[in-house]
Amino acid sequence: MNKDYNIQEWGSDYDISTPTGEFSLQTAEEVRSAPVPKIRWAVPDILPEGLAILGGDPKIGKSFMALQLCGAIGGFGDFFGTLNLTYGKSVYLALEDPQWRLTTRIKGMFGDDPLPGFYIRTSMGPWGSPDWLDLGNWVENNPECRVVVVDTFVRIRPPDHRGLDAYQASNALGKEMLTWAHTHHVALLLVHHKSKTNESSDPVKSLSGSIGFAGSADTIMLLSRSRTEREAKLFITGRDVGEREIDLVHEPDTGRWLMSGATTKHRHKEPEPSGPIGIVPAEGQFVSEQCFSCGNPVKEKTAFGAVCRRCHPA
């Protein structure tokens, strides 16, 4: 066998003198017939479990959106004025705001509505510190938890790994966070800023830091609006959600974000004992709309809007 390459040059850290005999391949038919686990959604068709990034310019309402999400899951129910989320638990790591500001925002956004599943912490060690082991144990003991929000990512980012360039270090960190999220079956949502210098037409490339970190995320959401306007767009892309934009309007009196044309609803859906977390019962009306996740051409209308019943059985 003719070998016109020097594999030893690239594999100097390994003993390649003797093959291990453990190398194997699967056929496509074996992969095709393997069971596929159901995706657990924090917000159906918007935010699945895994690593997610909520990016945007500073001071345009990302923290309000993150707070609104946690409150919607943890008791308030309503999200964006159109989504009636099933009750669960949520964790909001508010690492940039003092408690008095959180008190003011929670009162303004949710009033006196019960929020029994909404948990908050205002300090957290960097990624890899004992705090993250403790949080992982808490999530394991509270399986109703569907989302952990970090506001903001820079507050928990550890020093880059020595010996790795920026791309490698960011990608390695992203993979660790992604593994943590999938291990605990939650959406780990990092609030992040856009780059001050990168004006790329690709929204994903506009995030601050190396593209290696964004590339490791399952879901990316980018919020954009003009400073003097209430209207905004939420761009969503990811491995399980496809790409789309949602038109939003900021409600200045409460701080909530609403889908264009929606009104705030004060209601809450109790979990169905027989149904998967995050899903509402069927309403029996269908619409021709392709699912980004599985390609199903038909969705069923629910209180969430159109929901794919292949991905979310009733």
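These legends go with a set of close-up views of one predicted model.

The model is predicted, so local features need pLDDT of at least 70 and side-chain atom pairs count only at pLDDT 80 or more, while totals for chains, interfaces and linings use all residues. Residues are numbered from 1 along each chain as its sequence is written, and side-chain values use heavy atoms, with hydrogens and water left out.

**Figure 1. The whole protein, before zooming in.** The protein has seven helices and 16 strands. Both kinds of element are DSSP runs numbered from the N terminus: helices are H or I with at least four residues, strands are E with at least two. Of its 314 residues, 46% count as buried. Here buried means under 20% relative accessible area, exposed means over 50%, and partly exposed is what lies in between, using a 1.4 Å probe and protein chains only. Take the contacts between residues at least 6 apart in sequence, and 63% of them join residues at least 24 apart; a contact means heavy atoms within 4.5 Å.

**Figure 2. Helix H3 meets helix H4.** H3 covers residues 62-76 and H4 covers residues 99-110; their axes come within 11 Å and cross at roughly 60 degrees. Those axes are lines fitted to C-alpha atoms, for helices over the stretch in contact, with angles running from 0 to 180 degrees between N-to-C directions. The two helices are therefore oblique to each other, since angles under 35 degrees count as roughly parallel, over 145 as roughly antiparallel, 65 to 115 as roughly perpendicular and the rest as oblique.

**Figure 3. Side by side in the H3–H4 contact.** From H3 come Ser63, Phe64, Leu67, Gln68, Gly71, Ala72 and Phe76, and from H4 come Arg105, Ile106, Met109 and Phe110. Sorted by type, the residues of this contact are seven nonpolar, three polar and one charged. For that sorting, Ala, Val, Leu, Ile, Met, Phe, Trp, Tyr, Cys and Pro are nonpolar, Asp, Glu, Lys and Arg are charged, and the others, Gly among them, are polar. As for H3 itself, 14 of its 15 residues are buried, so this helix is largely enclosed by the rest of the structure.

**Figure 4. A salt-bridge network around Asp97.** Asp97, Arg101 and Arg105 are linked in a network of salt bridges. A salt bridge is a side-chain nitrogen of Lys or Arg within 4 Å of a carboxyl oxygen of Asp or Glu, and the whole structure holds eight of them. Between Asp97 and Arg101 the N to O distance is 3.0 Å; between Asp97 and Arg105 the closest N and O atoms are 3.4 Å apart. Asp97 is buried, with a relative accessible area of 13%, whereas Arg101 is partly exposed at 29%.

**Figure 5. Strands E11 and E12, joined by Lys233 and Asp247.** The side chains of these two residues meet in a salt bridge, 2.6 Å from N to O. This pair links distant parts of the chain: Lys233 sits in strand E11 and Asp247 in strand E12 (residues 242-250), 14 residues apart. Lys233 is partly exposed, with 36% relative accessible area, and Asp247 is also partly exposed, with 40%.

**Figure 6. Ala232, next in view on strand E11.** Strand E11 spans residues 231-238 and includes Ala232, which counts as buried at 6% relative accessibility. Setting aside residues up to four places away in sequence, Ala232 touches Leu223, Ser224, Arg225, Ile246, Asp247, Leu248 and Trp257. Gly61 is 171 residues from Ala232 in sequence, yet their C-alpha atoms are 9.8 Å apart.

Figure 7. Asp57 lies in the loop between strand E3 (50-56) and H3 and is partly exposed, at 31% relative accessibility. Apart from residues up to four places away in sequence, it touches Lys62, Lys194, Leu223 and Arg227. Asp57 and Arg227 are 170 residues apart in sequence, with 9.9 Å from C-alpha to C-alpha.

**Figure 8. Ser216 in helix H7.** Helix H7 runs over residues 211-216 and contains Ser216, a buried residue at 4% relative accessibility. Beyond its neighbours within four places in sequence, Ser216 is in contact with Leu51, Asn171, Gly174, Lys175, Leu178 and Arg239.
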